[in-house]
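I opened this notebook to record what I looked up in the structure, beginning with the whole chain and then turning to single places in the fold.

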Amino acid sequence: MTLVIAHRGASGYLPEHTLEAKTLAFEMGADYLEQDIVASRDDELLVLHDIHLDRVSDVALKFPERKRPDGRYYVRDFDLAEIRTLKAWERMQADGTPVYPGRYPVQSGDFRFNTLDEELSLVQKLNAEHSRRVGVYPEIKRPAWHKREGVDIAPLLLATLKDHGYTQATDPVFVQCFDDAEVRRLRSELDCPFPLVQLIGENTWFEAATDYTALRSPEGIREIAQYADAIGPHISHLVDLQSVDGVPVVADLAGLARDAGLQVHPYTFRVDDLPPGFASFDDLVSFFVNDVGVDGLFTDFPDRVLSLLKD
Ligand code: CA
């Protein structure tokens, strides 16, 4: 069984992380809904992908004087009440053009940002109404940066989960983070009861002070298995393209992870952003499910993945 994790909700159709996008993903049949977690000035946990607001909202129109010297508007500089006045927009580039031109039109719609608390309430209400057990998959965003800004997200996240009755390893929760120090701490210091996912990125992203090249080595994977339950690699980490004809073949990483007892949940499967070597979304999903043998996958298009898994 391959877990279908709705990446930022059904974000291929509605602005990411809105309650509408989460509800749609639930209705499509996703197994897990993802929440990226950042903190407001008054230490409220918000479900937002970025520490910045300017590429996913009308913050620059509503609060033009509140940018930092780097020209960006930070979630951390606004109270929840202020963030609630913003419109949540489909993701834009720095110049205001859409990141994904075929998706919901940018700078339009009447969507809002929501707290983690509100989203967990929604998930539980939908589960109760539909007699389902759809899980949650929170990601602690930029923990070291947040600590420098005076807020420690991990304990707040665990407390919020507990408030909603998530307390045991068997509850449908995965906790994910790119920062290996934070994932280790969740296990060793914070007694996180839930399965932990070590996300794996590229060192050039500056997402955390983590050396992803080392983490992806055989030694690195065995080390991850000491503190985590799964890896969340980028799609490209699991595929090699043959030098002669560019045909995809399975890279070593998934086998290394499996041998170490780790699940593999790669990101992100997008109909409108296919990786090199794949002619169609169907080919992409089929390769990862049947050849790589992933345990779960993050997708902006849960409906498309679910219909392929049914075939
Ligand atoms: Ca995420």
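I count two residues as in contact when they have heavy atoms within 4.5 Å. With that cut-off, I looked at contacts between residues at least 6 apart in sequence, and 69% of them join residues at least 24 apart. I note here that I am working with a predicted model.

**Entry 1, the whole protein.** I went through the secondary structure and found twelve helices and eleven strands. The radius of gyration is 19 Å, close to the 19 Å that the globule rule gives for 311 residues, so the protein is as compact as a globular protein of that length. Along the principal axes I read a span of about 55 × 45 × 45 Å for the C-alpha trace, and of the 311 residues 54% count as buried.

**Entry 2, H4 and H6.** I keep in mind that two packed helices are described by the angle between their axes and the distance between the axes. For helix H4, residues 116-130, and helix H6, residues 153-163, the angle is about 30 degrees and the axes are 10 Å apart. Angles under 35 degrees count as roughly parallel, and H4 and H6 are therefore roughly parallel to each other. I also noted that H4 passes H6 in a right-handed crossing. Which residues meet there? From H4 I listed Leu 116, Asp 117 and Leu 120, and from H6 I listed Leu 157, Thr 160 and Leu 161. By class, the residues of this contact of H4 with H6 divide into four nonpolar, one polar and one charged.

I then looked at Thr 115, which is placed in the loop between helix H3 (80-83) and H4.

The next pair I examined was H11 and helix H12 (residues 302-310), whose axes come within 10 Å and cross at roughly 65 degrees. H11 passes H12 in a right-handed crossing. On the H11 side the contact is made by Phe 281, Asp 282, Val 285 and Val 289, and on the H12 side by Arg 304, Val 305, Leu 308 and Leu 309. I sorted the residues of this contact of H11 with H12 into six nonpolar, no polar and two charged.

Where does a cis peptide bond occur? I found one joining Tyr 267 and Thr 268, with omega about -15 degrees, and Thr 268 lies in the loop between strand E10 (263-264) and helix H11 (281-292).

Gln 107, a residue other than glycine, has a positive phi, near 55 degrees. I placed Gln 107 in the loop between H3 and H4, where its relative accessibility of 44% makes it count as partly exposed.

Phe 206 is not a glycine either, and I read a positive phi of about 55 degrees for it.

Conventions: Residues are numbered from 1 along each chain as its sequence is written. This is a predicted model: local features need pLDDT of at least 70, side-chain atom pairs count only at pLDDT 80 or more; totals for chains, interfaces and linings use all residues. Side-chain values use heavy atoms; hydrogens and water are left out. Axes are lines fitted to C-alpha atoms, for helices over the stretch in contact, and angles run from 0 to 180 degrees between N-to-C directions. Helices (H or I, at least four residues) and strands (E, at least two) are DSSP runs, numbered from the N terminus. Angles under 35 degrees count as roughly parallel, over 145 as roughly antiparallel, 65 to 115 as roughly perpendicular and the rest as oblique. A crossing is left-handed if the near helix is turned anticlockwise from the far one by less than a right angle, and right-handed if clockwise. Ala, Val, Leu, Ile, Met, Phe, Trp, Tyr, Cys and Pro count as nonpolar, Asp, Glu, Lys and Arg as charged, and the others, Gly among them, as polar. The radius of gyration is taken over C-alpha atoms; the globule rule is 2.2 Å times the number of residues to the power 0.38. Buried means under 20% relative accessible area, exposed over 50%, partly exposed in between (1.4 Å probe, protein chains only).
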